[in-house]
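Hi,

Here is the structure I promised to pass on. Have a look at it first, and then read on for what turned up when I went through it.

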Amino acid sequence: MVNIKFRNEKSKIFTPLDPRWDEFTDSLCFHLNIRECEDCGGPVTNCDGSFRLTRNIIESHYPEINIQKTLDYFRTMNCFCDCEIFFEQPCGLGVDQKDAAMKIGKAS
Ligand SMILES: [Zn+2]
């Protein structure tokens with residue numbers, strides 16, 4: 001009966017197709033605290049080059065999501081840290097990537 005333990009294994013990948021994606025990117029935007037660099041005028045964020053914020057948001061708000069698979073998915077979309085998920089498009093990933101997300105969603 002060891003398998004019972006794994007019945008509720010987190011298996012979902014979080015993609016722009018999820019109805020909560022906009023809510024997620026809003027939350028990510030808030031935690032990134034995007035502001036203007038005083039020296040160059042470019043955008044400055046709280047991103048530390050990792051998926052730290054993304055991981056925190058998903059862990060606390062989307063418990064059924066498999067974080068490892070989701071981060072792997074983001075990497076295949078050329079997003080390698082929190083701010084890249086956000087800056088890839090104003091509101092998250094672009095249309096082409098939504099198509100790719102759909103294919104991944106179907107494959108899984
Ligand atoms: Zn970054």
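This is a predicted model: local features need pLDDT of at least 70, side-chain atom pairs count only at pLDDT 80 or more; totals for chains, interfaces and linings use all residues.

**Overall layout**

The chain has 108 residues, and 26% of them are buried. There are five helices and two strands, and from the N terminus the elements come in the order α-β-β-α-α-α-α.

**The core**

Back to Ile57, which turns up again here. The largest nonpolar core has 17 residues, and Ile57 is among those with the most contacts inside it, along with Leu28, Leu32, Phe74, Ile85 and Phe86. Four helices each supply at least two residues of this core: α1 (21-32), α2 (52-61), α3 (67-76) and α4 (82-87). As a general point, nonpolar side chains in soluble globular proteins tend to be buried together.

**α2 and its two sides**

Ile57 sits in α2, where Leu53, Thr54 and Ile58 are buried as well. Looking down the axis of α2, you will find these buried residues within an arc of 125°, so they line one face of the helix. Glu59 and Ser60 are on the other side of α2, and both are exposed. What do the buried residues of α2 pack against? They pack against α1, α3 and α4.

**How α1 meets α2**

From α1, Phe24, Ser27, Leu28, His31 and Leu32 take part; from α2, they meet Leu53, Thr54 and Ile57. The two axes come within 10 Å and cross at roughly 130°. α1 and α2 are therefore oblique to each other, and the crossing is right-handed.

**α3**

In α3, the buried residues are Thr70, Tyr73 and Phe74. They span an arc of only 100° around the axis, so they are on the same side of α3. Phe74 is also one of the core residues with the most contacts. The face turned away from that buried side carries Gln68, Asp72, Arg75 and Thr76, which are exposed.

Most residues other than glycine have a negative phi.

- Asn33 has a positive phi of about 50°. Its place is in the loop between α1 and β1 (35-36). Asn33 counts as exposed, because it has 11 C-beta neighbours inside 10 Å.
- Asn78 has a positive phi of about 65°. It lies in the loop between α3 and α4. With 10 other C-beta atoms within 10 Å, Asn78 is exposed too.

**Tyr62 and Arg20**

The last item is a pair. Where is Tyr62? It is in the loop between α2 and α3, whereas Arg20 lies in the segment before α1. Tyr62 and Arg20 are 42 residues apart in sequence, yet their C-alpha atoms are 9.3 Å apart in space. Setting aside its neighbours within four places in sequence, Tyr62 is in contact with Phe14 and Arg20. Both members of the pair count as partly exposed: Tyr62 has 18 other C-beta atoms within 10 Å, and Arg20 has 13.

**Where to begin**

After that, turn to α3, with Thr70, Tyr73 and Phe74 on its buried side, and follow the chain on to Asn78 with its positive phi.

Cheers

How values were computed. Residues are numbered from 1 along each chain as its sequence is written. A nonpolar core is a set of buried Ala, Val, Leu, Ile, Met, Phe, Trp, Tyr and Cys residues joined through C-beta atoms within 7 Å. A residue is buried if 20 or more other C-beta atoms lie within 10 Å of its own, exposed if 12 or fewer, and partly exposed in between; C-beta atoms are placed from the backbone. The arc is that of the directions from the helix axis to the C-beta atoms. Two residues are in contact if their C-beta atoms, placed from the backbone, lie within 7 Å. Axes are lines fitted to C-alpha atoms, for helices over the stretch in contact, and angles run from 0 to 180 degrees between N-to-C directions. Angles under 35 degrees count as roughly parallel, over 145 as roughly antiparallel, 65 to 115 as roughly perpendicular and the rest as oblique. A crossing is left-handed if the near helix is turned anticlockwise from the far one by less than a right angle, and right-handed if clockwise.
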